[in-house]
Amino acid sequence: MSEQGAPIICIKDLHFSREKKSVFAGLNIKVQQHKITAILGPSGTGKTTLLQLIGRQLLPDSGQITVDARDIADLSRKQLFRLRRRMGVLFQGGALFTDFNVYENVAFPLREHARLPEDMVQDLVLMMLEAVGLRGAVNLRIDQLSGGMARRVALARSVILGPDIMMYDEPFTGQDPIARGVLLSLIKQMNDALNLTSIVISHDVLETARIADYVYLLAEGRVLAEGTPEQMFNDESPLVKQFVQGNPDGPISFHYPVKPFEEALYD
Amino acid sequence: MISAIQSLGRMGIEFCDHVGRSGIFLLQTIFRQPKWRQAWPLLSTQLYRVGVLSLAIILLSALFIGMVVALQGYNTLQKFGAEQELGQLIALSVVRELGPVVSALLFAGRACSALTAEIGLMRATEQLSSMEMMAVDPLWRVVAPRLWAGFIALPILTILFNVTAIFGGHLVGVDWLGVDGGSFWTNMQSAVSFQHDILNGIIKSLVFGFITTWIAVYQGFYSKPNSVGISQATTKTVVYSSLLVLALDFVLTAVMMQ
C-alpha cells in the first residue's frame, strides 16, 4: 500500500449485520489523506452501508472507525455534527431538496452553518455552479434537471462548505458517457484543487480506476484485494479477475444462493 | 395455540416499541434548541401549507354541516313548537362537538396525510440522510416546524369552522325557513357559555391538533423508504388519527362534563 500521507480514516475489524444478515465481517480499510480511494465491489456488498457507517448514520456491531485518530462512536452529538461539517457526501440519487430550486439547494449548507450576507452567499453559490458548469441552471427547479445535472448540483452543494473529506456514492450509475466523463474530471479536479480526501464507492471498475490512487475490492463482507489500480488490473486471483473483467462465470455466482435447479425440480 | 400466543406477544412488544419510540421522537423534536433566526420562516411556511391550504375544505364542509344541522333541527323542533331554539341547537352542537371533531377529521385527511407523504418521500429520496450528513438535524429542520404548525393551525381552523357552520345554520334557519333572527341570536347567546362550551371546544381542538400532527410526522419519519412504505404510512396516519380523535373526544367530553 502506498504510504504517502497519513490515513485520515481507519476502519479496523469492522463487523456489521442487518436483519441478522452479516454485511461486514472483519473489514479493514485505511483512507490516505489527499488521495482518491476507490471502494469497489459487486452490488449488494454493503458499499453504501460503509459510507453510512463512516458518517455514523449507522453504528457497527463491533470494530472501530476513526477519523483523524478519533473513534467516531465516542463522539457527542455536537462533536459528530462538527465532524460532519468536514464531510461532504454525494448521494446516489443526488438527494436534492425538491422544495427548493438549484440556487437554494446549493445555498442550503451556507444558510445553515455560515452567517454570511446574502450577496456573499449568492457569489459563492454562483462560483460553485460555475465550477460544475451549471451557472446557467441557477433558477431551474429540481424536476427540470437531468440525472447528470442533478448530481453536479449535488456536488456543488456538498463542497460549498469546503469539506476535508468527500464521499461519492455510485457517482457514475445511470449516467451517459458524457455526464460520466464530466463527473470523473470534476471529482479529480475538486480533489486536487481543494486538497480533499475522496472516497469513491462504485462498481464501475474502469471509470473509477482512471482517477483513483488506491483501490479496495470488497466482497462477502471483507476486503478481497487492495492496491493501486495497476496492481488490481494485474492481479491474477480468479475473483479479482472476474470482477475487473466483468466475467459472468467465476467465484462470484450470478445466482442468488439456492440449491441446484435439478434438485428443486425433483422435490 | 403456542404460535397464537407468540404472535400476540410479538404484537404487544411491537406496540410498546412504537409507543416508546414515538414518545422519544416527540421529546427530541420538542426539546431541540431552536435557531430563532430561521424558526419563524420555517413555521410560517408550514402554517401556510397545513393551515391556509386546508381552509377551503374546512369552510366548505362547515357551511354544509351547519345547513344540514339547521334543516334537521328545524324539523324536530317544529314538532314541539320550539323552532326559536334553533340557534341554540346549532351553536351547541357545533361548538362542543362537530367543530372540533369534524375539523380534526378533515385536517387528518387533508393536511396530516400530506405531511406523512412528504416526510416519507424525503426519507425515500435520501433528503433526510443528506440533511443529517450536512450536520443539519432533520428533527429540528423538518419535523418541528410541521408539528408546531399543526398544533397552532387546527384550533384556528376549528374556530373558523364554528363561525362558518353557524352562518350556514343561519342561512337555512333564518333566511330560508323563516325562524326569527332575533330569537335565533338571543337564544344562542343565552345558552352558549364561553368557558364551558367555546373554550372546551378549543381545548379539544388543541389536543386533536397535537395528536394528529404527531402521528403524521412520526409515521412519515419512520416510513419504509419505498412506495408501499409511504402509502402504508399515509393510510396509518389517517386511520390512527381519526380513531384517536373519536376516542379522545369521548374521554375529553366525559372529563369536561364532570
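**View 1. The largest nonpolar core, in a predicted model.** The largest nonpolar core has 39 residues; such a core is a set of buried Ala, Val, Leu, Ile, Met, Phe, Trp, Tyr and Cys residues joined through side-chain atoms within 4.5 Å. Buried means under 20% relative accessible area, with a 1.4 Å probe and protein chains only. B:V50, B:L86, B:I90, B:F107, B:F161 and B:F208 have the most contacts inside this core. Two or more residues come from each of α2 (36–51), α3 (55–79), α4 (86–124), α6 (138–176), α7 (181–191), α8 (194–221) and α9 (227–257) of chain B. The largest share, 14 residues, is given by α4(B). In soluble globular proteins, nonpolar side chains tend to be buried together.

The model is predicted, so local features need pLDDT of at least 70 and side-chain atom pairs pLDDT 80 or more, while totals for chains, interfaces and linings use all residues. Residues are numbered from 1 along each chain, chains are lettered from A in the order in which they are written, and side-chain values use heavy atoms, without hydrogens and water.

**View 2. Around B:F161.** Leaving out residues up to four places away in sequence, B:F161 touches B:I58, B:S61, B:A62, B:I65, B:V94, B:L98, B:G99, B:V102 and B:S103. Contact means heavy atoms within 4.5 Å.

View 3. Chain A has ten helices and ten strands, which are DSSP runs (H or I, at least four residues; E, at least two), numbered from the N terminus. Of its 267 residues, 48% count as buried.

Notes:
Buried < 20%, exposed > 50% of the residue type's maximum accessible area, 1.4 Å probe, protein only.
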